[in-house]
Structures are given as structure tokens and as C-alpha cells.
Amino acid sequence: AMIDTPGTWKQIEVGGKPVDVYEPSQPSEHNYVVLHLHGHGGRTLRNNEVYTAEFEKYGLRAVCPHGRRSWWGKRICREFDERISPVEFIREQLMPEIRTRYSAEPPAIALSGVSMGGQGALRLAYWYPREFPVVAALAPAVDFQNWLGRGLPLDEMYESQLDARQDSATLQVHPLNWPPHQFITCDPRDPDCFEGTERLISKLSSSGILFEKDLTTSAGGHSWDYFNHMAPAAMKFIFERLERERLRFRG
């Protein structure tokens with residue numbers, strides 16, 4: 001009998017940009033893909049043992065683009081690209097590549113993200129809920145307007161804190177058109193992200209928008225200890241909701 005070989009990580013290039021991809025040893029027959037957006041530090045899930053084990057378990061392919069410190073939005077970030085925004089890159093270059101490479105179409109593509117990537121995943125799902133009905137955001141840096149004035153690329157992208165706040169996930173969610181499957185978590189000992197995450201969640205609640213949350217689990221504040229600790233819950237959510245979407249569409 002053949003010995004099961006674990007899956008493999010490799011780096012490909014899409015539109016001249018590096019993308020880390022994971023191919024599980026037994027990919028889901030439904031071609032499920034997790035499109036993961038990294039945090040401000042730029043570290044993807046490549047060779048992360050905790051996430052890799054989850055991708056293996058569920059047969060999830062993972063696609064982790066490198067977005068520099070762009071905040072994954074619709075604004076040009078020169079550090080990322082002088083001509084196209086991260087959102088244009090994802091929708092016009094990365095999504096066609098995912099289609100071609102894995103025969104995966106929405107709703108079989110879920111979004112996940114941590115920190116900067118967590119808010120990026122939420123905004124992408126809020127802007128395009130039909131394309132991205134399933135999203136998991138860990139410690140999303142929702143109130144990124146607070147990061148202005150620190151000499152980061154954000155300062156080039158936004159004129160003021162108000163300008164940035166207008167573009168935040170909390171103000172982008174549409175009360176009548178939203179992703180049906182949201183999983184939002186934050187460590188209560190995360191001083192940078194907790195308040196903004198809480199505010200977003202209370203807005204979702206008051207708008208009658210469905211979501212799952214965990215604002216109580218603490219595992220090291222804003223850190224990889226926390227992101228890794230939450231991986232099993234996040235990937236279980238993603239897998240179950242991808243299944244739910246598939247069954248809904250099959251009828």
C-alpha cells in the first residue's frame with residue numbers, strides 16, 4: 001500500500017508577486033481553498049506546523065499571498081505595488097490563478113487572516129460577500145486609523161485618521177448584503193485590537209448580521225501563540241461553513 005505523504009508547501013509567483021501555497025496530501029474532492037491574508041509582520045502560514053496540520057486534516061488547499069504592509073485594501077500602497085491595489089491583485093490576478101490551478105470557484109474559497117490580514121479578510125468579505133461568503137478573522141486590526149502617523153505606508157494611503165476610519169471594516173459592512181459565515185476572535189489581552197473588534201461585533205449585532213465570535217479565549221495577547229491557539233477553531237469553522245455553502249448550492 002502507498003504510504004501517505006504529508007502535503008507540501010511551495011512558493012509560486014502570481015503577477016510577479018510571491019504566493020505561498022499548500023497542497024494537502026489528500027485535497028478535498030470539492031476543491032476547497034483557504035485564501036489567507038497575513039499580518040503587518042508579513043509572515044504567512046508557510047511551514048507553520050499548527051495550520052498545516054489543520055489543512056491536512058480537512059484537505060484544505062491554502063493560498064497565502066505576500067501583501068507587504070498594504071492593509072489589503074483598495075488603496076494603492078507603493079510598497080506593495082505602484083499600479084494596482086491589493087484588492088485588485090486578489091480579484092483580478094490571484095482568483096483567476098486559483099480557478100485555473102485548483103478548479104475552485106466561489107463559494108468554495110474561504111478567507112482567513114490575522115491582525116492586518118484579519119481586517120483585510122473582513123473588508124474583502126464585506127465588499128464582495130457573494131465571492132467570499134466564508135471568513136475567519138483572528139485579532140483583526142479593525143481600527144487601523146490608530147496606526148496613522150507612525151511613519152508606516154498607511155501615512156501615504158490615507159490623508160487623516162478620519163479618512164482611514166471611513167475605510168475600516170466597521171464602516172464597510174452593508175446591513176443588507178453581508179457574508180453569511182463570519183468567525184471573529186480577539187484575545188481580551190490584546191490592547192491594539194480588542195476594542196475595535198468589540199465595536200465591530202456590537203455593530204454586527206445591532207444590524208442583525210449573523211456571526212460567531214470568541215472574545216474570551218486568552219493565549220498570549222497579540223501573538224503567534226494566540227493565532228496558532230485559535231487555528232483549530234478557525235479551520236473547523238471554515239470547513240463546516242464551506243460544506244454548508246456547498247450543500248445550499250447543490251439543491
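## A polar contact in a predicted model

A polar contact is a pair of N or O atoms within 3.5 Å; within protein, one must be able to donate a hydrogen and the other to accept it. This model is predicted. In it, the side chains of Thr-185 and Tyr-226 make a polar contact at 2.8 Å.

## Around Thr-185

Thr-185 sits in strand E7. Its relative accessible area is 0%. Buried means under 20%, so Thr-185 counts as buried.

What is Thr-185 in contact with, leaving aside neighbours within four places in sequence? The list runs Ala-137, Leu-138, Ala-139, Pro-140, Asp-214, Leu-215, Tyr-226 and Met-230. Tyr-226 is also the partner in the polar contact.

Helix H7 covers residues 194–206 and has 13 residues. From first C-alpha to last, H7 reaches 18 Å, close to the 18 Å expected at 1.5 Å a residue.

Which residues of H7 are buried? They are Phe-194, Gly-196, Thr-197, Leu-200, Ile-201 and Leu-204. These residues cover an arc of only 165 degrees around the axis, which puts them on the same side of H7. An α-helix has 3.6 residues a turn, so residues three or four places apart point the same way. The face turned away from the buried side of H7 carries exposed Glu-195 and Ser-206.

Strand E7 is where Thr-185 is found.

Just after H7 comes Gly-208, with a positive phi of about 75 degrees.

Technical notes:
Residues numbered from 1 in each chain as written. Predicted model: local features only at pLDDT ≥ 70, side-chain atom pairs only at ≥ 80, totals over all residues. Heavy atoms only, no water. Helix = DSSP H or I, 4+ residues; strand = E, 2+ residues; numbered from the N terminus. Expected span 1.5 Å × (residues − 1). Buried < 20%, exposed > 50% of the residue type's maximum accessible area, 1.4 Å probe, protein only. Arc of directions from axis to C-beta. Contact = heavy atoms within 4.5 Å.
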